[in-house]
Amino acid sequence: MNRLQEEQQAESHPLDPFLPPGTKMLMLGSFPPPRARWSMDFYYPNLQNDMWRIFGLVFFGDREYFMTDAPAQSGQNPKKVFSKPRLVEFLTARGIGLSDTARTVVRQKGNASDKFLQIVEPVDLAALLARAPECRYIVTTGDKATSTLASVTGAAEPPVGGFTDFELAGRPLRHYRMPSSSRAYPLAIEKKAEVYAAMMRQAGLL
């Protein structure tokens, strides 16, 4: 297999959906970055992605709230990483579930960029929501996730910071579109946190 073939090999999602009991809100990104970029075995694992810093600001006024010290290598200073146990506890308590809009993809450039992510199989949203009967809010984080979800639901794409109401299998749902937590998205983290906080307040989670 040559380099081009390796880069264009289909890749299945490496994580199961995270759906705590009583899930009220489902957050959907596009697809995880290559595993070499992971700092934990969970959603938004890349330390260069600010999702969990945004959550720290929104709920605790502290961007480092979900960070912890990784075991230090001999002779090196401790390194900050995301704390999966702290995140799982918090998300479970709030009823916030996590998944992605793609189940199978081809990384056309072998990197984490949504721009070069070809979606082969989108999420089975009906099956996902069947496992979360109390869920009424779906949040997409970025352009790729938003357009993919819209292609699944047939509903209009909401503007950044806004929402679209729709129904699926007789269930009323609200699709919020949030600014991407990627640092490539040109908005200060504090401003992103303000948009997320407004959405969480509307949904009754803040």
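Helices H2 and H6 cross with a right-handed sense. In this predicted model, the two helices pack at an angle of about 65°, and their axes lie 9 Å apart. On the H2 side, the contact is formed by Met 51, Arg 53, Ile 54, Phe 55, Leu 57, Val 58 and Phe 59. On the H6 side, the residues in contact are Ile 189, Lys 192, Ala 193, Tyr 196, Ala 197 and Met 200. Of the residues that make up this contact, 11 are nonpolar and two are charged, while no polar residue takes part.

Helix H6 comprises 14 residues, 189-202. The buried residues of H6 are Ile 189, Lys 192, Ala 193, Tyr 196, Ala 197, Met 199 and Met 200. These residues lie on the same side of H6, because the arc they cover around the axis is only 165°. After H6 comes Gly 204, which has a positive phi near 80°.

Gly 56 is located in helix H2. The relative accessible area of Gly 56 is 0%, and a residue counts as buried under 20%, so Gly 56 is buried. When residues up to four places away in sequence are not counted, Gly 56 touches Gly 61, Asp 62, Arg 63, Tyr 65 and Phe 66. Between Gly 56 and Ser 12 there is a separation of 44 residues in sequence, and their C-alpha atoms are 30 Å apart in space.

Helix H5 spans residues 143-153, and its buried residues are Ala 145, Thr 146, Thr 148, Leu 149 and Ala 150. The packing partners of these buried residues are strands E2, E7 (117-122), E8 and E10, together with helix H4 (125-130). Just after H5, Gly 154 adopts a positive phi of about 80°.

Definitions and conventions:
Residues are numbered from 1 along each chain as its sequence is written. This is a predicted model: local features need pLDDT of at least 70, side-chain atom pairs count only at pLDDT 80 or more; totals for chains, interfaces and linings use all residues. Side-chain values use heavy atoms; hydrogens and water are left out. Helices (H or I, at least four residues) and strands (E, at least two) are DSSP runs, numbered from the N terminus. The expected span of a helix is 1.5 Å times one less than its number of residues. Buried means under 20% relative accessible area, exposed over 50%, partly exposed in between (1.4 Å probe, protein chains only). The arc is that of the directions from the helix axis to the C-beta atoms. Axes are lines fitted to C-alpha atoms, for helices over the stretch in contact, and angles run from 0 to 180 degrees between N-to-C directions. A crossing is left-handed if the near helix is turned anticlockwise from the far one by less than a right angle, and right-handed if clockwise. Contact means heavy atoms within 4.5 Å. Ala, Val, Leu, Ile, Met, Phe, Trp, Tyr, Cys and Pro count as nonpolar, Asp, Glu, Lys and Arg as charged, and the others, Gly among them, as polar.
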